[in-house]
Amino acid sequence: DRKAWNNKTAGPGSALYKSTNAGKTWKRIGKGLPTGENAGRMGITIAASNPKVLYILCDHRGVGGEVYRSDDGGESWRKLKTGLPSSNMGKIGLAMSPQNASVLYAAIELDLKKGGFYKSENKGASWEKKSDILSGGTGPHYYQEIYASPHQFDRVYFANNYLKVTNDGGKTF
């Protein structure tokens, strides 16, 4: 089946929808994701090795961000938190290694002016902070875009006002 996703932004009715017929019909999914006026969704990452494994970033306008994982194609979700900051997370950039779908990278805004780069080697079950890298220019609240290289394991590009690159999974840029 050809699948499509519709990710409504924050506000009343904020939800995640899935189509299994190229967008002709849509089904609301997302048991376990936050709801409410300030809940929003930003960015879905799908594991190339198993399209039922999904990651979604949830933004709580003015409150913080979270990362969730689904193993059933988006029907149900669980919050990932072991090793991630416990509060004050803002905008999050997420990337999956094309060489190893168990490896995830996250650039996370903290307290509007701080940041950190995190890595998980077990599909998001636990995370390790690799560095204090921060998005440049206007602060992390605007940019947190990261891209894992399809050619070299642990090379991640961090795009913001400047293009930064790490070849060691986020320890140095």
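**Reading an all-strand model, step by step**

The protein chain exposes about 8900 Å², and carbon and sulfur atoms supply 48% of that area (accessible areas follow the Shrake-Rupley method with a 1.4 Å probe; for residues, only the protein chains shown count as cover). This is a predicted model, in which local features need pLDDT of at least 70 and side-chain atom pairs count only at pLDDT 80 or more, while totals for chains, interfaces and linings use all residues. Residues are numbered from 1 along each chain as its sequence is written, and side-chain values use heavy atoms, leaving out hydrogens and water.

Me: How many helices and strands does the protein chain have?

Reply: Helices (H or I, at least four residues) and strands (E, at least two) are DSSP runs, numbered from the N terminus. Here the protein chain has 0 helices and 14 strands.

Me: Which order do the strands take in the open sheet of 3 strands?

Reply: Strands of a sheet pair through backbone hydrogen bonds, either parallel or antiparallel. Two strands count as paired if DSSP finds at least two bridges between them. In this open sheet the order is β12-β13-β14, and the pairing is antiparallel. β12 (145-148) and β14 (163-166) are at the edges with a single partner strand each, so one side of each has no neighbour in the sheet. From one strand to the next, the twist averages 20° (axes are lines fitted to C-alpha atoms, for helices over the stretch in contact, and angles run from 0 to 180 degrees between N-to-C directions).

Me: What is the bridge partner of Ile146 in β13?

Reply: That partner is Phe158. β12 and β13 (residues 156-159) pair in the antiparallel sense over 4 bridges.

Me: Is Ser19 buried or exposed?

Reply: Buried means under 20% relative accessible area, exposed over 50%, and partly exposed in between (1.4 Å probe, protein chains only). Ser19, in strand β2 (residues 16-19), has 0% relative accessibility and therefore counts as buried. In the protein chain, buried residues make up 46% of the 173 residues.

Me: What does the side chain of Ser19 reach at 2.8 Å?

Reply: A polar contact is a pair of N or O atoms within 3.5 Å; within protein, one must be able to donate a hydrogen and the other to accept it, and residues adjacent in sequence count only if both atoms are side-chain atoms. The Ser19 side chain reaches the backbone nitrogen of Gly23 at 2.8 Å. A polar contact of 2.9 Å also joins the side chains of Ser19 and Asn21.

Me: And is Lys114 buried or exposed?

Reply: Lys114, found in strand β10 (residues 114-120), is exposed, with a relative accessible area of 52%.
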